[in-house]
Structure formats: C-alpha cells, structure tokens
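User: Please take a close look at one strand and the sheet around it. I would like a connected account in plain terms.

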Amino acid sequence: MSMIAAFYDNKSILITGATGFLGKVLMEKLFRTSPDLKVIYILVRPKAGQTLQQRVFQILNSKLFEKVKEVCPKVHEKIKPIYADLNQKDLAISKEDLQEHLSSVNIIFHCAATVRFDDPLRHAVQLNVTATQQLLHIASQMPKLEAFIHISTAYSNCNLKHIDEVIYPCSVEPKKIIESMEWLDDAIIDEITPKLIAGRPNTYTYTKALGEMVVQEEGNNLNVAIIRPSIVGATWQEPFPGWVDNLNGPSGIIVAAGKGFLRSIKATPMAVADLIPVDTVVNLTLAVGWYTAVHRPKPTLIYHCTSGTTNPCNWGKMGLQVLATFEKAPFEGAFRRPNADFTTNYFTASYWNAVSHRAPAIIYDFYLRLTGREPRMTKLMNRLLRTISMLEYFINRSWEWSTYNTEMLMSELSPEDQRVFNFDVSQLNWLEYIENYVLGIKKYILKEDMAGIPEAKQHLKRLRNIHYLFNTALFLIIWCLLIARSQMARNMWFFISPLYNL
C-alpha cells in the first residue's frame, strides 16, 4: 500500500499552471494513483473563445488521460476550474470562489510561471514574483491548508557553478522590485534590467530567484517547500514513454533539426544536458507534498530535481541518439534532410548561421512568392535563431547541484512508494529515453502517423539525392570557372585527366 497515494485520498488540491505541461502530468498522476481524492481546483482563464469548462474537457480529451478514465471514470466531475488571472490584483479570484471553494483546500501546488526567456522584466516580475506573493497571501487565509509546494527552477542561481539546496539572496529585495514595477516606466526598466539580473542570462532565471525569496519571507506561517527541476522533458515511463505537448527547450530544437530547418548551433559537446523527465518531476513533487504536510520540516526545504549529478548525459551523446532516431523514423515533409554531420556541425561552435539558415529560407520564400503563396520561412527562421541564441547560455555550460534533501526524501519512502513515485534518475537509460522523446514529438506534437515512416524515408532519400546533385553541380561550375580564369587550374586539369585513361 502506497502511503503517498493514500495521503491524497479525500484531499482538496489547488494547482496553478494546470493547463501547462507539468500541471497536466501532475493532475494525471494524482487521479491515476489517488482516484478517491476529493477535488482538484485549477486556476484558469477563458482562452480563444473557450469557457473554463471547455478548457477542462480539452485537457481531459488528450491521450495523456486515457488511463485515468479507466480508473476514475468521473474524473471530469472532480476538476473544478476557477477563474483567475495572474496579471490582476489578488489573481482576480472572486470572493465567492475564495469562500465557497478555496477555503477547503488542503494542498497547493504552485506550478504557474512565465517560462519565456525574453519576457520584459515587468511582465516576468508580475507572473513569477507578484503572483507568487499574492497566492501566498491567499494561502495564509486557508484554514485547512497542510502544504504549499512551489515549483521553481534549478537555474534560478545559474550565475553560480555549484548550487546547494539553499535560497541565495538577490541584491535587491523582492518587495522593492515589486514596488518599483508599479511606478517606473518601461524605458527605465529596460535600462536597469542588465544591472539587476547581474550574471544571469535572462529575466526568467532572475525572477524565479526572486520568487524563492518571496516564498521564504512570506511563507513563514505555512508548511512550504521548493522544488527546482532542471530542463523538463518528455515522460520517461508514466503514463507512457515519450509524451510531450510543447516546443520548449530541446523539443523545439529537435523539431527544427528533424524538419531540416536547423543545421548548426553553437554548443559544447561535453557540456552536461541536464534533462529531467516530467514524470520524474511529478513523482518528486507529490512525495514532497506528502512529506511537507506530514512531517512539517523547518526551515523550508529545497529539493533539486536534476540528472547531471547522478546520471549525466552530454549534448554530444544526445545529438548522436537524436540523429539515429531520425534515421529510423524521419519527420514527414522535411524542408531539408537532417544534417548528416549532425553531431559535429550541430553540437560544435558555429558562426555561419546567417548563411546556412537564412539563405535557404530566403530562396524558399522566393519560390513561395512565385507560386502565389505567402512567404513565411524567413520569419520562421529568424524566430528559430532568436530562440536558439537564448538557449546557447545553457547548452555551453555545466552546473553541479547538491541533492542531499532529494536523497533524504527517497530514503524516507517505503519500497512501494519508491516504486510508485520513483524519482531516482540513476535508473534512466538515456539512449532509450531520447529515442522515445523524439518519437513522442513525432506522434504527439507533429501528429504524424507511424505508418507514414516508409514515405518519410523515401522523401529523405530524394532530399539526399538532390543534395548530392546540387553539390556536384556547384563543384563543376566552380571548377569550370577556375579552368577558364586560372592557368594553374588548367595545368592541374591537364595533369589529372590523362590518369583516368590508364
């Protein structure tokens, strides 16, 4: 019998960010392992003309929840969407919802955040700092609350090489940052942003560090814990391997490479690719929720959810396996074939992006104009290159995270809980995981049928032949021009050509 699963029975749970990647997998695991939980409240807002309930049905209709519907047929009745907006004061939650629903909440999982690296500081502060502060204020008024679990990031202190399970203070207190955002204009904020983030590459990592400080300072009267996952990737095992629904991080790079848009990137092959499966993060999160509520540890415990310390995989190794999977199951309709030198050109420092990426995009857009279609490739390529440039900081460096608290928690679990809520990444087979990751992107993001693999292979073969033909023609043209203009080239030709008659 799982103590953790039993703990969540009859519990009322609040999840922020439930419509996001991590939030969906968290809900799925809760319903699958604790079908007798009372209710899950999710903070959402209407989107694209959909009501709150329609958004819930859209989530439940995905393949992710197929197993849940077998063990919990009335799952839709146990999800209660509550209108909220993290950009508004008090999250725009009505008094009626606070009194009628949220007053019964036992556990809060705060997963909501902006993960955009290029967000203006004002917006990043609002979503990652101010919203966290306001949620803590609401949580302090919940009489039945047992634990508040805050999801941060392992890169909140990426300005350090070695990172311990402690909260590192920022140079300016969060309260002062929040107050200044209310009266400073955008031009001044943009000017001071580089000085404030001081050594961090973007506003995301900086505001996540501020968010941790807020949790520490304003969660004193609550049972709180902070989880720091690294780069969250596709599922490892649960509910099935390879599920992913977004293009963040490696997923976008894999799609761009598989479709032939991306040929090179500035990266360090031996740098650790600190990828962590989303189901591993969820298992740790639920274990932390149980431990925090039952044992109420003080001071606040921070848990690192990373792979590089116990089971490192470098970017070069990842690239080899991605390329190998492309050969087995290529993506359909590739713009160009994936680079045959993927592991050398793609994962070594390269500064010829302007030629290797933009030139083909410009040519393709010219073709689209000639055929009366809207040119879009240059715009797409510029967006891709901008995204890649923001990721370069992370794929050229390695970090060391201590995992004492995470290891302690694992030792506190029963053998059954260690099996059901496994977060031991030392057992992870990287080659198998990366293959499933690529196949998952093909199936769940690109919506490509595996039955179309033979045709996709034929398409790649045609692209390969066109590539060889183009290179041969280009070589011959250049050589003919050299012969016409250079006496040395003509002498070489006259010397070499008789050798073919021997």
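Analyst: A residue counts as buried if its relative accessible area is under 20%, as exposed if over 50%, and as partly exposed in between (1.4 Å probe, protein chains only). Strands (E, at least two residues) and helices (H or I, at least four residues) are DSSP runs, numbered from the N terminus.

This is a predicted model, in which local features need pLDDT of at least 70 and side-chain atom pairs count only at pLDDT 80 or more, while totals for chains, interfaces and linings use all residues. Residues are numbered from 1 along each chain as its sequence is written, and side-chain values use heavy atoms, with hydrogens and water left out.

The strand in question is β7, residues 224–229. Six of its six residues are buried, so β7 is largely enclosed by the rest of the structure. Burial applies to both faces: V224, I226 and R228 lie on one side, and A225, I227 and P229 on the other.

Next come the partners of β7. Two strands pair if DSSP finds at least two bridges between them. Strands of a sheet pair through backbone hydrogen bonds, either parallel or antiparallel. Strand β5 (residues 147–151) pairs with β7 in the parallel sense over four bridges; here I151 has I227 as its bridge partner. Strand β10 (residues 301–305) also runs parallel to β7, and five bridges join the two. Within β10, I302 is the bridge partner of I226, and C305 is that of P229.

These strands belong to an open sheet of seven, with parallel pairing and the order β3-β2-β1-β4-β5-β7-β10. At the edges stand β3 (79–83) and β10; each has a single partner strand, so one side of each is left without a neighbour in the sheet. From one strand to the next, the twist averages 20°. Axes, here and below, are lines fitted to C-alpha atoms, for helices over the stretch in contact, and angles run from 0 to 180 degrees between N-to-C directions.

A helix also packs on the sheet: α3 (residues 52–60) touches β2 (39–44) and β3, where contact means heavy atoms within 4.5 Å. The direction of α3 makes about 135° with that of β3.
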